[in-house]
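Let's go through this model by question and answer. Have it open while you read.

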Amino acid sequence: MKKLFITAVLSACCGAGALAMTEAQIDSCVNDLVGRMTLDEKIGQLNQRSGFGYVPEMAGLVRTGGVGSILNETDPEVVNKLQREAVENSRLHIPLVFARDVIHGFKTIFPIPLGQAASWNPALVEEGSRIAADEASSVGIRWTFSPMVDVARDPRWGRMAEGYGEDTYLTAVMGVAAVKGYQGDDLSAPNTMAACAKHFAAYGASESGRDYNTTWIPELQLHETYLPPFKAAADAGAATFMCSFNDINGVPSSGNKVLLRDILRDSWGFDGVMVSDWGSIDQMIPHGFSHDLREAARQGIEAGVDIDMESYAYCSHLRDLVEKGEVKEADLDPLVANVLRLKYRLGLFENPYVDMTTASRFYAPASLDAARRAVEESAILLSNSGILPIKNSKVSKIAVIGPMADAAYDQAGTWSFDLEKDRCVTPLAALREMYGKESVIYVPGLEHSRDNSTKGFAAAVEAARNADVVVYFGGEEAVLSGEAHCRVDLSLPGAQSALLDELKSAGKPVVLVIQAGRSLAIAHEAETADATVFCFHGGTMTGPALANLISGKANFSGRCPVSFPRMSGQVPIYYNRKNTGRPAQDMTLINDIPLEAGQTSTGCTSYYLDAGDGPLFPFGYGLSYTTFSYSEPKLSASQIDTDGSLNVSCTVTNTGEVEGSEVAQLYIRDHVGSLVRPVRELRGFEKVTLKPGESREVTFTLNPDDLAFFIAPGRKIVEPGEFSVWVSPNSAEGNPVKFNVVENSLTLAK
Ligand code: NOJ
């Protein structure tokens, strides 16, 4: 009876009904509600707490309206009990929203986002995010802190794992796909989650790849490299944003009015929620930006951080700040309105509770199938002498070696909070299933990826001798990447490289399969192995997917979402660099320099004595069991106006023996600019699946925005001049075709 009464009250004042509310209805409800709230109720909506069960302290806080959102509560019974306190027992009946870091799956774990980016297939990213939302919302989580769209060019940074790699365009495309997947077509449907584009902004540029570190970024580069994926997420309707831990040019994001208000709200028109990162308002004190938590609270409000996640700054100090006139109560209203708007958009006023009859929808067969396909499409074949695929008919014994062959927990990767490792199928289990248990000899050789002991080597080498082929599963444990898990040494940890050398000396072909949370410096290992596969931590279905790929049941189509360095000292490394005035040529490497060689700079160029120039594997690179050819790109015109568009077409043909998928990549170069432009910039891509002998024409359109760049803050223009365009299999190959851009005749006439 009580419930019916409350629903009736809510329906009357909020226009709630069976259909999703219009934005106009939402605005009117939000304004009405804000007008009826006390100062403490307003502060409560801006306060986010981490859950700790249905305990009196939390229940009381909810009942008094002292908290508006809760993260990390995943028990649907507890979610419903707390929600009941909010909806039935608080004065204004405002529902809570429950949040969680659902980063690459909830129970069914998909590849880490960097792996998803390696698929170059946004549809897969969308599908995975949709499944994650369906699973997580089934326990009441309606807000995920994902996608992370921080461009990352330094693999030392452990959080490279959580994003979509080094490229602005690829990151934007994948981020948008994730937003669409989480939020679905109708955010108010109970099986969606609000997405959160994070970490605003430039967190991926943390100096020297050390987490939380400072960033110093010229304004034009901020706009050109780091902000576009966030703009794309905002345009795609991302319901929330999270600000970042780092300072940018001296101003921590949580107190950064220019970023959070001028750019995000005023220029981009974002009307969603801005949540702080965990404790990031408080952290403005050690940053040296705030004297104390009280000042930090005021700075957070002034910057436009709507929700304080776990700094206790707003709940401790806002009342006093308002009473003393340092913050106007009216200035809180728009922030409160943002939070309420999110709750209306999520349909929480109409549908606050988890439906326990359909709760905990995990591991549907179709979800596991999608997770397997995601790994298949994201694993990258880096080299292959021809030993892969290992056909059943070719071998009678496979030696499976290495610390990641049967590492259910570690194959899931970072941010797998809700992992049930028993649901992970390891490569060992899948290979036994595929080839038959008797055909697989398993000797780990090393107990874990950091193991430095050589005591298991002899047994591993013995196994190698007794087999036709060795498949070595190595890489990094999950905990070696992710937040605050950065490394300076990008080589394989522990004694893995030494073990590989020993295995190779057994005289059998060695297939190296790496699972990791970042690109690694594996020049020696890739040279030693007869084939190299790189699989960013793949999640639940890593094993079946890798078994399908290794056996040839599936074909590789993953492509590098980051450049792979030859040596750690090359980082940050990325393909769309500037050419320099002395681009690398005639390289004399360290061992070729004569003793007491004359010291001159004349004729010297830009490269390293020990690593030369360029990556080990370039951005966009990856092999397949088939081969592809590209026709010369055809342009719709050889000359366009500065406001014109250009179509670029190219025919891709499968020239091999088996079906395969190729990622045709569109790059441009603006040869001479009033500011120097990169040697290549990705502007489009398309993944096409072709049967042997089949051809497909791919067509891209280059619009003015694709050719333009920032010449001053807020001023993006296309400059007339010569451009090159490539449609190529990666960022280092292909033949450019030139076209000219001329000043628009109308502009000239002015
Ligand atoms: C800190 C991380 O930086 C952020 O990405 C995450 O969403 C929050 N903690 C909440 O767990």
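The questions below take up a ligand site and then a helix pair.

Q: Which residues surround the ligand, and which side chain has an N or O atom 2.4 Å from a ligand oxygen?

A: First, a heads-up: this is a predicted model, with local features needing pLDDT of at least 70 and side-chain atom pairs pLDDT 80 or more, while totals for chains, interfaces and linings use all residues. Numbering starts from 1 along each chain as its sequence is written, and side-chain values use heavy atoms, leaving out hydrogens and water. Around the ligand (a heavy atom within 4 Å) sit D101, F145, R159, K198, H199, M242, F245, D277, W278, M309 and E483. K198 has a side-chain N or O atom 2.7 Å from a ligand oxygen, H199 likewise has one at 2.7 Å, and the side chain at 2.4 Å belongs to D101.

Q: Are α8 and α10 roughly parallel or roughly antiparallel to each other?

A: Helices here are DSSP runs of H or I, at least four residues, numbered from the N terminus. Axes are lines fitted to C-alpha atoms over the stretch in contact, with angles from 0 to 180 degrees between N-to-C directions. For α8 (residues 168-183) and α10 (residues 228-235), the axes come within 8 Å and cross at roughly 25 degrees. Angles under 35 degrees count as roughly parallel and over 145 as roughly antiparallel, so α8 and α10 are roughly parallel.

Q: Which residues of α10 make the contact with α8?

A: Contact means heavy atoms within 4.5 Å. On the α8 side, T168, T171, A172, V176 and V179 take part. Their partners on α10 are P228, P229, A232 and A233.

Notes. Polar contact = N/O pair within 3.5 Å; in protein donor to acceptor, adjacent residues only side chain to side chain. Helix = DSSP H or I, 4+ residues; strand = E, 2+ residues; numbered from the N terminus. Parallel < 35°, antiparallel > 145°, perpendicular 65-115°, else oblique.
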